[in-house]
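Please work through the exercises below with the sequence and the model at hand.

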Amino acid sequence: MSWLEVHVFGSSSKGEGLILKLPDSRYAVVDCCFRGDISDVAGNPMVAYLEKRNVKRLAFICLTHPHDDHYFGLSQILASTPADQFFRSAAMTPHRLQSILLTENFHALQHGDTGRQRALRELLAIDAKWKEISKGKSQERVLANLHVYPPKLPKTPSFKITGLSPCDAEIDAYEAALPKSTESGTPIGESFELPHNRISVGLLIECKKFNLVLGGDVEKKNWEFVLTTFEPNRLCSQFVKISHHGSETGDCNGLWEAFSSGDSKPIGVVTGYSNNRLPRNSMLEKFYKFTRELSCTHRDSISGEILDTIVDRSIRASDRVIEDFLSLDSREHDLRTTFGGLKRVEKPNYGRCSYFFNSAGALLKSEIDPPCVRLHAESTSRTD
């Protein structure tokens, strides 16, 4: 029986979410990958998976940062599976959240972007749903090197979760950028984006014999802070959810050397972002070097060149728990599903990469089913 589980979800266009089964047998959610109609609760693969596992209540939900590909669908999870705690970036104070909503809504109205307005309504719905189910309980803020879970840490914990990011310097830089975005309107047709990745939450799960890193969309400056603040033995990991869809901006010198400094290389999982052509081949080649197993939540995020050269084509297809929500027909590729008014397909396309560990950190099994793709897997792994 597994002691800790990590399930990484992603769509064929953009978006990611994680479901954790923690060592205390409770479940937790970090972000959400949903890309469909918010009224279609059954279409959310993370809701479906929690229902399949008969999960009635979550230990916590964590929103890493306010980009819609990380929060869209969280209101559905909160409504169907209440949580005891809600975590969000320390930069997302109520005042800053209001500033974000006002700024983004201003630009959405200026550009006639109904998709962005739809996403902002979801952000408001998440906040309102939490207040409703928690009876006014405040949201917890995550900061670098701050203890997150469990709420009451015993003297000899079997595991603990600590914030890796954001650091104070990036929070300050982010806050300074917010007023500038409202000083003048962005011309029609030009892109507008607040620097939310600067304050993305990253999480470190420390167990007695192994560690896991959940990278969110953490970028270079925060990773540099992590390398100078955390002891090397805390960063060597058995599993890494690769940050920012495998982008170069989600990396820094020495980061992967730290992750892979243990007895074996970590398992790595990356989620795609098709609009920005992420992950790129150059970064996949780097991850290939530093991981013992590397997977992507959707094969459409990987270039044909990579698929033709290094993909392990012996992908198992054993678990069909979200089969009803998968569509492998390229005509329904949800690259056309965006929040910018483009044509939306009726059935967005999702993948899930799942890993099951024992208390020593040994990988008991993995479920890497189409449309996910395993790029490589070495035979070496830790054992009891």
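This is a predicted model: local features need pLDDT of at least 70, side-chain atom pairs count only at pLDDT 80 or more; totals for chains, interfaces and linings use all residues.

Residues are numbered from 1 along each chain as its sequence is written, and side-chain values use heavy atoms, with hydrogens and water left out.

**Exercise 1.** Compare the span of helix α4 with the expected value, and state which of its residues are buried.

*Solution.* Helices (H or I, at least four residues) and strands (E, at least two) are DSSP runs, numbered from the N terminus. Helix α4 covers residues 94-111, 18 residues in total. From first to last C-alpha, α4 reaches 26 Å, close to the 26 Å expected at 1.5 Å a residue. Its buried residues (under 20% relative accessible area, 1.4 Å probe, protein chains only) are Arg 96, Leu 97, Ile 100, Leu 101, Thr 103, Glu 104, His 107 and Ala 108. After α4 comes Gly 112, with a positive phi near 65 degrees.

**Exercise 2.** Determine the strand order of the open sheet and identify its edge strands.

*Solution.* The eight strands follow the order β6-β5-β4-β3-β2-β1-β14-β15, with mixed pairing (at least two DSSP bridges between two strands). β6 (140-142) and β15 (363-368) are the edge strands, each pairing on one side only.

**Exercise 3.** Describe how strands β1 and β14 are joined.

*Solution.* Strand β1 (residues 4-11) and strand β14 (residues 350-357) run antiparallel and are joined by eight bridges. His 7 stands opposite Ser 354 in β14.

Notes. The expected span of a helix is 1.5 Å times one less than its number of residues. Buried means under 20% relative accessible area, exposed over 50%, partly exposed in between (1.4 Å probe, protein chains only).
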